[in-house]
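Please open the structure in the viewer and keep the sequence at hand.

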Amino acid sequence: MVPGRRRVVVPSGDGGGPSCPPELFYLWRYFIELSQGIGSGGFGPAVVTWADLRAWRFQMGIELAPWEARALVMLGSLRASIASEQTAKTAPGA
C-alpha cells in the first residue's frame, strides 16, 4: 500500500448489495478518491458535482469517457441519498 493512501474497499455483494464487476474496480477507486475531496453546502450530505469532477480530473490528470463521468456523478448522488436515509433513521423521533 502506498503511504498516505487509504485502502480501497470494493463492495463484495455480501452486504446485501451487488458485487462490483472486476472490470469496474478502477471506477470504484476513482469514486472513493473523488469523494474524499468533495465538500458539503451544509444542508445535507455532499454530492459529486460536475465542477468537483472536473477539478479532480484536472488535478489527477485523468481522462474519462462521458459514460464514466456520468457514472461517477450518479454514484455521488446515490451516496448522498443513502447517507440522507441513514441520517433520517437515526434522527430523534424517527
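The stops below begin with the overall fold and then turn to aromatic rings and charged side chains.

This is a predicted model, in which local features need pLDDT of at least 70 and side-chain atom pairs count only at pLDDT 80 or more, while totals for chains, interfaces and linings use all residues. Residues are numbered from 1 along each chain as its sequence is written, and side-chain values use heavy atoms, with hydrogens and water left out.

**The whole chain.** Select the protein chain and colour it by secondary structure: there are 3 helices and 0 strands, in the order α-α-α along the sequence. Helices (H or I, at least four residues) and strands (E, at least two) are DSSP runs, numbered from the N terminus. Of the 94 residues, 21% count as buried; buried means under 20% relative accessible area, exposed over 50%, and partly exposed in between (1.4 Å probe, protein chains only). Among contacts (heavy atoms within 4.5 Å) with a separation of 6 or more, 44% join residues 24 or more positions apart.

**Aromatic rings.** Rings of Phe, Tyr and Trp (its six-membered ring) pair if their centres lie within 6.5 Å; planes under 30 degrees apart count as stacked, over 60 as edge-to-face and the rest as tilted. Y26 and Y30 are 4 residues apart in helix α1 (residues 25-35), and are therefore separated by about one helical turn. Y26 is partly exposed, at a relative accessible area of 24%, and Y30 is partly exposed, with a value of 24%.

Next, select W28 and F31, whose ring centres lie 5.6 Å apart with planes at 40°, so the pair is tilted. Both residues belong to helix α1, 3 residues apart, about one turn of the helix. F31 counts as buried, because its relative accessibility is 5%.

**Charged side chains.** Side chains of opposite charge can pair when their charged atoms come close. The structure holds 1 salt bridge, a term for a side-chain nitrogen of Lys or Arg within 4 Å of a carboxyl oxygen of Asp or Glu. Select R57 and E63 to display it, at 3.5 Å from N to O. R57 is partly exposed, with a relative accessible area of 25%, whereas E63 is exposed, at 67%.
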